[in-house]
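Please take me through this structure as I have it open in my viewer, telling me what to select at each stop and what is to be found there.

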Amino acid sequence: MKARIEAELPFYFGPGRELFGFYHPAAGMRAAVLLCPPFGVEQIRCHRLYRQLAHGLAEAGFPVLRFDYFGTGDSAGESNAFEWTRCLADVVTAATELRMRHGGGRVLAFGARLGANAALAAAQAARLDGVVAWDVITDGAALVRQYDHMQETLKVDLNRFEYARPELDVSTQWPGFETSDRLRVQLQDLRLLDPGIASAWLASSVPDEPSKLDERYAGKCERVDVSPRWEEVDSLELAILSHPLLDAAKRHLKEMA
Amino acid sequence: MHEQAFRFGGARHLVGVVGLPALIDQGVGVIFLNAGMVYRVGPFRLHVELARRLNALGYPTLRFDLSTIGDSGASGQRLSRPEQVVADVRDAMELLKQQSGCTRFVLFGLCSGAQNAHSTAFADARVAGAFFLDGYGHRTLGQRVRHYLPRLLSLSVWRQRLMRRRAAAAPRPAEPAFVVEPLPPKIVRAQLADMLQRGLKLDFIYSGGVARYFNHIRQFRECFGRLADDPGVSVNYFKQADHTYVLSGDRQQLLEHVAQWMGRHFPITRPGT
């Protein structure tokens, strides 16, 4: 176990070495797995969960790459530089990096929230062979409304602040981060399209408005006993940990491999 | 700006990112400690933004995860948690020294990070300064009066409490917590006095998010007495901010403050500038 953790490598990669990645090698020759993180505060809340998933998959023989998109986590770029087109390009760059380190072969992906959308949208360009999606965003406009609402709620939250600041203009921010008009427009138009590749759908026990799956996917979707409370401002600093989710994600990825 | 990721430490159990300025003057390096269980990027990426700002000003930085937090593993050593924290920060200082040449360090810690910065600053002579954000302090009579009196008289507070009570459909589940027992005030005071005697520069920053135990800049004197007069001490109260600086404007104000404080106490002295 100790030797395996020592072999895990943090590094920068991609053009200009702008992207931060964490490679978890595995002894097996099974498919490799790319973990696509969610965005903003959700990325920080899911960090531990992604690490646990990477460890579990590596133990099961899957090499894994975790990474941060440009403008997020340890990657280069200011937070308001995160935008959808670059995000999809980063998925392709990361898949290429994983293939290079793994030595080729099948590459699967797991993504939570917008991370799932990114994996699905970039699947063809990144040559992904399958995607496991958790609480994928099905209605981008609802997500924009949710972030805006959370931001307006935040500034008058007396559990957080000593006094409310209703007059403060926070229209360029989503919980915890500066954002851009470009990203807002891109997310407004975001819809869930048929990925055309192997896919599995996981949903939290009580899905929020932006991640409600319609009838096309509802039948294929597996409910998992996890309550991330994506929409609650009280949960911004709470890490999401869930063994049922880890088990379900690993099971689906193993089935796809 | 140049950033490089490392696995380091006695057991190669720690993970961190070193940021180097274009020119290094081998003065002080700044090390960021975890804020609670938040991994090394800090709450809402505070540590990333601040590290890069300091790199641009000429300071080398390291943001890293302590043992068993974020991406770091266990050391395998049989140490108490406070001992392990000091050992981890010593490993971090060694890495930043190897990468930048600097031999003195300023620690930046929020919440439990402030407690950990305090313990290391007390234990290791290489620490030249520290930012303690929402760190040690204790409730005083003045704090209680300032906290409770306005609430008793405020209509909006009562209204919000009633609304919350009505809206509460189900009790919130227990939240995961990571709590290190704080040191008793008497010991904190004695250790701070020792640090100041050794010439450390200490910046105490409190936010409006911890009004439950600190709610006025004057309270520092109520807590720590004459230490407030020491030239090595500065105290700041960001009343409008919350504990984790969730709003971008509050975070920028903090960044600005840290940059100015560093320039005042640890100026960059490149030849010819």
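Begin by selecting chain B of this predicted model and colouring its residues by burial: of the 273 residues in the chain, 46% are buried.

Keeping chain B selected, switch to a cartoon view, in which its secondary structure amounts to eight helices and eight strands. The radius of gyration of chain B is 19 Å, close to the 19 Å that the globule rule gives for 273 residues, so the chain is as compact as a globular protein of that length.

Now select residues 141-153 of chain B, which form helix α4. This helix of 13 residues reaches 18 Å from its first C-alpha to its last, close to the 18 Å expected at 1.5 Å a residue. Helix α4(B) is hardly covered, since the count of buried residues among its 13 is one.

Finally, show both chains and select the residues that touch across them: 34 residues of chain A are in contact with 32 residues of chain B. On the chain A side, the elements that give two or more residues are α1 (2-7), β1 (9-13), β2 (19-24), α2 (41-45), α3 (47-59) and β8 (177-178). Of these, β1(A) gives the most, with four residues. Colouring this side of chain A by residue class divides it into 19 nonpolar, five polar and 10 charged residues.

How values were computed: Residues are numbered from 1 along each chain as its sequence is written. Chains are lettered from A and ligands numbered from 1 in the order in which they are written. This is a predicted model: local features need pLDDT of at least 70, side-chain atom pairs count only at pLDDT 80 or more; totals for chains, interfaces and linings use all residues. The expected span of a helix is 1.5 Å times one less than its number of residues. A residue is buried if 20 or more other C-beta atoms lie within 10 Å of its own, exposed if 12 or fewer, and partly exposed in between; C-beta atoms are placed from the backbone. The radius of gyration is taken over C-alpha atoms; the globule rule is 2.2 Å times the number of residues to the power 0.38. Two residues are in contact if their C-beta atoms, placed from the backbone, lie within 7 Å. Ala, Val, Leu, Ile, Met, Phe, Trp, Tyr, Cys and Pro count as nonpolar, Asp, Glu, Lys and Arg as charged, and the others, Gly among them, as polar.
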